[in-house]
Amino acid sequence: RNAGSFLTRRMTDIAIERARAFPLHLDGHYELHEETSHVLCTHQLSLVEEQVARLRSLIHDAYMDWSDLFYRLQTFPKLEIARIWDDSGPEEWHECIDAPRLQDLYLNNTLIPFNAPGLRYLRVDMDNRDWRLCRDISGRYEPITEGCHAIPKVFPTQEFVEFLQRSPRLEWLVITDMPELLSGELPKV
């Protein structure tokens, strides 16, 4: 059930082998030095691509660039739960990733454009100020400055509204530390 909870490659492989054709949960194990994080080892992360057709949950509470892997996969047919900390930045996400069974999604400092019509729970934490720095090459977003340090803050407002439109069954939405949303050129809600 929780193939990601094993600390060794061998134990992970045994768990996956014994699971046979059943769906997999790649949920990270607790790091001993950080009680609050769930991380997958390098081997377990490499299994995401190999096991995508069986993947029911994916939890990895450490920053990494997910965009290349997710765009190679294009779809997560059985994924129901995901906790993703992304380090790629908003300009890397441009096309939808299909996740028809996704119901519970936690995103840390990212807005991955999932096409998740069954999504019921969404939490987005935007507490990493570095992610908010303006990396917008096309000039689509204007930085919003506030406070004594005038830190530029950017949020992909149009993409966020489009994400919500693709999730008609959403029941619970939690957003923390989100910068102000831009109000111009938004799709109809």
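Is D68 buried or exposed?

1. D68 is exposed, at a relative accessible area of 53% (buried means under 20%, exposed over 50%, partly exposed in between, with a 1.4 Å probe and protein chains only). D68 sits in helix α3, residues 67-73 (helices are DSSP runs of H or I with at least four residues, strands runs of E with at least two).

2. The model is predicted: local features need pLDDT of at least 70 and side-chain atom pairs pLDDT 80 or more, while totals for chains, interfaces and linings use all residues. Residues are numbered from 1 along each chain as its sequence is written, and side-chain values use heavy atoms, without hydrogens and water.

3. The structure has five salt bridges (a side-chain nitrogen of Lys or Arg within 4 Å of a carboxyl oxygen of Asp or Glu). One of them joins R72 and E49 at 3.1 Å, N to O. R72 belongs to helix α3 and E49 to helix α2 (residues 42-50), so this pair ties together parts 23 residues apart in sequence. R72 is exposed at 52%, and E49 is partly exposed at 36%.

4. R83 and D61 also form a salt bridge, with the closest N and O atoms 2.7 Å apart. This pair links strand β5, which holds R83, to strand β4, which holds D61, across 22 residues. R83 is partly exposed at 28%, whereas D61 is buried at 3%.

5. Strands β4 (residues 55-64) and β5 pair in the parallel sense over five bridges (pairing requires at least two DSSP bridges). S57 has I81 of β5 as its bridge partner. The covered face of β5 carries A82, I84 and D86, and the uncovered face I81, R83 and W85.
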